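Hi,

Here is the structure I said I'd pass on.

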Protein chains: 2
Amino acid sequence: MPSISQKARHMPSSPIRKLVPYAEAAKKKGVHVHHLNIGQPDIKTPKNALIAVQQASIDVLSYSRTEGSDAFREKIAKYYQRLNLTVSASDIVVTTGGSEALSFALGALLDPDDELIIPEPFYANYSGFAEGHNVKIVPVTCTFETQFALPSVEEFERRITKRTKAILICNPSNPTGYVYRKDELEQLAEIALKHDLFLISDEVYREFVYDETKHFSMLSFEALNEHVVVIDSVSKRYSMCGARIGFAVTKNSALRGAILKFAQARLSPPTYAQIASEAALDTDESYFAEVLKEYNARRNFLVEALRQIPGVETAIPKGAFYCMVKLPVKSAEDFAQWLLEHFSLNNETVMVAPAAGFYSTKGLGEDEVRIAYVLEIDALKRAVHILEKGLEAYLA
Amino acid sequence: MPSISQKARHMPSSPIRKLVPYAEAAKKKGVHVHHLNIGQPDIKTPKNALIAVQQASIDVLSYSRTEGSDAFREKIAKYYQRLNLTVSASDIVVTTGGSEALSFALGALLDPDDELIIPEPFYANYSGFAEGHNVKIVPVTCTFETQFALPSVEEFERRITKRTKAILICNPSNPTGYVYRKDELEQLAEIALKHDLFLISDEVYREFVYDETKHFSMLSFEALNEHVVVIDSVSKRYSMCGARIGFAVTKNSALRGAILKFAQARLSPPTYAQIASEAALDTDESYFAEVLKEYNARRNFLVEALRQIPGVETAIPKGAFYCMVKLPVKSAEDFAQWLLEHFSLNNETVMVAPAAGFYSTKGLGEDEVRIAYVLEIDALKRAVHILEKGLEAYLA
């Protein structure tokens, strides 16, 4: 029997993959599982996006243009222009989700054994995409103690080798909720220019920022035009995760051409999803204002409620809809499994994502979990209560 | 300025990419271009598939299941069962087009510098996917003279090295229209078993077979269960190229697990497209019977008409909807460009795909083009007439 590739063997499974069978077993027993483990919001998709698909007049569901239609990319450019970012339609390649944009960017920039520096903890699927391209991830550790702020320039420079091609950041960050300050981004810009590196900036949570926090896009650094590619998506802003429409944005024409080659091989992004996404871009501003208000309320509630639990520490997320939580346990993974396997309160339990899977360095984050505040406050309230009681019972 | 990856540099552009600006220029001048260069059928998508999307009740367009829903995969399994192929839902991973299924299969099976044997000419994007995974394509040349029949076992064995991991076939073939006989597939099976290789069988044109030709799926060889992965798609059968739904089918659980890891990294296939595709599987058999009748008529017309043109030779396609055509010119690419740039008849011209891009061996296929019979007979008739007159003028 022939054997699968080394890289498939090395590719990590999802951090929650081991827990899924336990969640399914709990559900089979009739236990309601509150999913705090995933980034699937419960927020309604804008009606106009759904209606656009219903009303689309289609006889032949044909291929669309590889890089997305002119009209769609013009609209995306206008969206960036409203944010005071100078982007034109020709800077954009539409992809099948932000996932594909990232995978294409990695393939376009890095050869096997090239190195990609990423502040950890980071979105777990970055490992999958990197392994898929045989790219080596070099982590720079951010700490719970600093609320996951960007490490110093020295920490980055210590890790730069001849094989380093790019730095990848997620801003606002999944899983930490950290939003980089302008001076932190300026540090990164300096490093990229000095060492001639690409900067891949995953900004799919761009508009999920709270309080006085301001988001700075890597697209706002003109000196970096040849160095930056931004990964974006409609999934989060319009609660359209299932559309699978994202985009890569770069002013570097060689890079754009390279991304386009990957895109040509897979022909085109999904047609229905583009219809929905193009319409979504016309959604009234009030839709997202409401969404943001809701997430802000959830965040405030969650952080406050978690802090009431003895022994629990919380990083205060400034953006996205995730929160890193330190628990008074040795293995957060064991606790997460135990919650699903052995604990329930009024026939309800909670699923959280063990955070070790978001670190590349072995041994880090063992006592941390990531909680996504993608549920309504009432559900969050019950979920946190279950977490508290579960923790008491687990530690007893 | 940092530079893009070697692999992006090596990745070929589409065989028709160079011609696209000439086609656009022709259109700008008001010339109608008959597109015989692409595999985008004009056949209507089944109404029930389109209606299913219109009537879907969606509030939150959420992620779907990574491998496709149970219900959808059950239906796909039933489809194979109707073809007397023993496939169960758990053998299937739903992907974003057959393209993604193929890319995942290559990543799951081959490491950088591993070798993949492919009979040439082959679907040009195979090169893109192989380069994307740093996999080396080793071609085995099929000839126009044998109508692109499978080369001998010896030809394959001469190319097998320690790095050979898999053989990839397209059956029915894009671009040749060749359909492998059972004894040819048995030869391949023997090679795969003897040398412990995987067999990747791209069968997206499975049901497009004409006359007395019968299609044999690689899934019908039980002895090969651990060696075979079949690439499939709804694009062609239901004229739903823009859906971007395909699947990988394999009984090899290690391989399926590996494909699933790639799939998890990109989260899920597009939701709308799955709704359409699941409904499409319920389309009345009469739909496809009509489609097949239409393609058969187009094929018969095309082959007969081309044969009337002095100096033109045609391989008779037994399946798919492509036809390889040998022209009495030195460079088919130059001729194709000339047709767009300098020739029109009653303000119409023709775009064909130069076939050199379908060969991996440099210098082959220079005088060949691939013609897709995806237009109605009236349009085909005009297109062939333009081709004939164009050829006369070009050679004059």
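Let's start with a residue in chain B. Asn37(B) counts as buried because its relative accessibility is 3% (buried means under 20% relative accessible area, exposed over 50%, partly exposed in between, with a 1.4 Å probe and protein chains only). You'll find Asn37(B) in the loop between β1 (32–35) and α3 (47–55) of chain B. Leaving aside residues up to four places away in sequence, Asn37(B) touches Ile16(B), Met351(B), Val352(B), Ala353(B) and Arg370(B) (contact means heavy atoms within 4.5 Å).

Before you go further: this is a predicted model, where local features need pLDDT of at least 70 and side-chain atom pairs count only at pLDDT 80 or more, while totals for chains, interfaces and linings use all residues. Residues are numbered from 1 along each chain as its sequence is written, chains are lettered from A and ligands numbered from 1 in the order in which they are written, and side-chain values use heavy atoms, with hydrogens and water left out.

Now to chain A and its strand β3 (residues 115–120). (Helices are DSSP runs of H or I with at least four residues, strands are runs of E with at least two, and both are numbered from the N terminus.) The rest of the structure largely encloses β3(A), because 6 of its 6 residues are buried. Glu115(A), Ile117(A) and Pro119(A) cover one side, with Leu116(A), Ile118(A) and Glu120(A) on the other.

What does β3(A) pair with? It runs parallel to strand β4 (residues 136–141) of chain A, joined by 6 bridges, and it also pairs in the parallel sense with strand β5 (residues 164–170) of chain A over 3 bridges. (Two strands pair if DSSP finds at least two bridges between them.) Leu116(A) has Ile137(A) as its bridge partner in β4(A), and Glu115(A) has Thr164(A) in β5(A).

Next, helix α9 (residues 253–265) of chain A. From first C-alpha to last, its 13 residues reach 19 Å, close to the 18 Å expected at 1.5 Å a residue (the expected span is 1.5 Å times one less than the number of residues). Of those 13 residues, 10 are buried, including Leu255(A), Ile259(A) and Phe262(A). After α9(A) comes Leu267(A), with a positive phi near 75°.

Cheers
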